[in-house]
Amino acid sequence: MFIMSRRNLLKHAASAAAFGATTSYAGTCIARASESIVAIEWGGESINAMKEVVAKQSDVQINWQLHAGTSAATLAKIKAMWPNPGVDIVSGWDPNWATIAAEGWAEPVTVDKVPNIANISSKLLVKDKAGNVINIPRGISAEVWFCREDLMPFEISKLDDLLDPRLKGKICFPKADFGYGVALVSLALYKGGNERNMEPAWDFVKKLAASGNIGRIATSDVDISNSISSGETAISFGTGNSANNLSRDFKIRFLTKMDPKASGFWSYFYHDGWCVLKGGHTDAAFKLLNFIISPDVDAEYARLAGSMPANLNSKPLGGTNPLAFTADEMQRFAFVPDWAFLSQQSSDWGKRWEQEIQPLL
């Protein structure tokens with residue numbers, strides 16, 4: 001099963017077949033009827049899952065193309081061919097939407113065009129400078145704090161508890177340039193900052209490093225899983241999907257759905273989805289995407305792709321999955337960082353970590 005995470009999104013993007021430098025997307029298309037569109041998707045399990053759910057409808061035919069290397073590379077190719085890219089819809093995730101919004105490529109998404117967009121949390125919707133929604137989310141996941149309960153010496157209730165001496169060596173903390181630095185952002189928010197005001201986070205993590213409570217620095221999801229499963233550490237911050245996998249063998253407590261202002265334990269959501277480009281077969285594109293994010297179809301896509309459905313009316317919603325949030329829970333406990341901004345900062349944060357934090361460990 002494909003686990004929807006930043007790592008896998010990028011991995012599957014990188015494995016997709018790239019187009020030649022002089023090839024236009026339009027040039028690769030077969031003759032199209034009025035209800036036929038060109039869609040760019042990630043390769044591997046992602047396109048397999050999407051093809052399976054799309055096969056349940058026959059109104060719109062799809063000429064599938066794969067991302068030209070990474071989704072960012074695809075956007076660069078679209079920019080070079082604009083305003084005639086020969087593409088109707090393109091898949092992407094949080095950092096991509098900022099580029100599309102800035103370029104003004106997206107056909108605005110409205111409830112009239114895509115009625116099912118009304119059942120997707122407004123926190124996942126990205127707007128351009130004119131205030132138009134430009135993206136149509138289909139699958140979501142989150143990064144969260146979680147712990148292995150059988151190894152915890154006490155019940156943690158807030159981020160300040162990470163400094164408790166009873167957690168000596170029990171924390172697996174992600175390095176600042178891993179995961180776009182969201183673990184650090186969580187500390188910043190708790191201490192009154194945010195992704196653009198990170199000094200409170202650096203002050204906190206310096207205290208944490210000096211305390212001796214960090215037993216492992218993680219540079220990958222595998223580091224986190226191995227450290228928690230081996231019992232080397234007991235608490236960490238990472239993808240909800242990784243924590244879910246650990247919960248099959250261990251009693252994992254997700255530090256979610258707690259008052260984030262008091263505890264600091266926000267759930268940091270990211271999503272993948274679609275954008276409809278201007279100038280193409282927009283009516284057919286919106287018809288297809290409204291079908292894809294309908295409750296039953298979105299739930300099936302999420303099952304195949306290993307994510308949570310973006311449609312809040314999809315079932316099962318709530319269930320036993322800690323990443324299943326109702327509309328009210330999304331408003332109360334979810335935080336969607338500026339992923340595009342974070343992607344620009346992680347390298348500098350990694351260098352600062354080496355200079356200021358590493359010597360304290």
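Guide: One term before we start: helices here are DSSP runs of at least four residues, numbered from the N terminus. Also, keep in mind that this is a predicted model.

Visitor: Okay. How many helices and strands are there in the chain?
Guide: The chain has 13 helices and 11 strands.

Visitor: Let's pick one. How many residues of helix 5 are buried?
Guide: Nine of its nine, so to speak: helix 5 covers residues 182-190 and is mostly covered. Among the buried ones are Val182, Leu184, Ser186 and Tyr190.

Visitor: And what comes just after helix 5?
Guide: There you find glycine 192, with a positive phi of about 95°.

Visitor: How much of the whole chain counts as buried?
Guide: For the 361 residues, the figure is 58%.

Visitor: Switching topic: which residues touch the most other members in the largest nonpolar core?
Guide: Those are Ile89, Ile136 and Trp274, in a core of 54 residues. Helix 10, residues 282-292, gives the most to this core, namely six residues.

Visitor: What is isoleucine 136 in contact with?
Guide: Setting aside neighbours within four places in sequence, its contacts include Val109, Ile117, Trp274, Phe286 and Ile293.

Visitor: What about a second core?
Guide: That one is separate and has 46 residues, including Ile156, Val205, Leu208 and Leu255.

Visitor: How many aromatic pairs does the structure hold?
Guide: It holds 14. Take tyrosine 268 and phenylalanine 335: their ring centres are 5.7 Å apart and their planes are at 65°, so this pair is edge-to-face.

Visitor: Why does that count as edge-to-face?
Guide: Because planes over 60 degrees apart are counted that way.

Visitor: Where do those two residues lie?
Guide: Tyrosine 268 is in strand 9 (residues 267-276) and phenylalanine 335 is in strand 11 (residues 334-335), so the pair ties together parts 67 residues apart in sequence.

Visitor: Is tyrosine 268 buried or exposed?
Guide: Tyrosine 268 is buried, with a relative accessible area of 0%. Ring pairs also link Tyr268 and Phe335 into a cluster with Trp145, Phe173, Phe237, Trp266 and Trp353.

Methods: Residues are numbered from 1 along each chain as its sequence is written. This is a predicted model: local features need pLDDT of at least 70, side-chain atom pairs count only at pLDDT 80 or more; totals for chains, interfaces and linings use all residues. Side-chain values use heavy atoms; hydrogens and water are left out. Rings of Phe, Tyr and Trp (its six-membered ring) pair if their centres lie within 6.5 Å; planes under 30 degrees apart count as stacked, over 60 as edge-to-face and the rest as tilted. Buried means under 20% relative accessible area, exposed over 50%, partly exposed in between (1.4 Å probe, protein chains only). A nonpolar core is a set of buried Ala, Val, Leu, Ile, Met, Phe, Trp, Tyr and Cys residues joined through side-chain atoms within 4.5 Å. Contact means heavy atoms within 4.5 Å.
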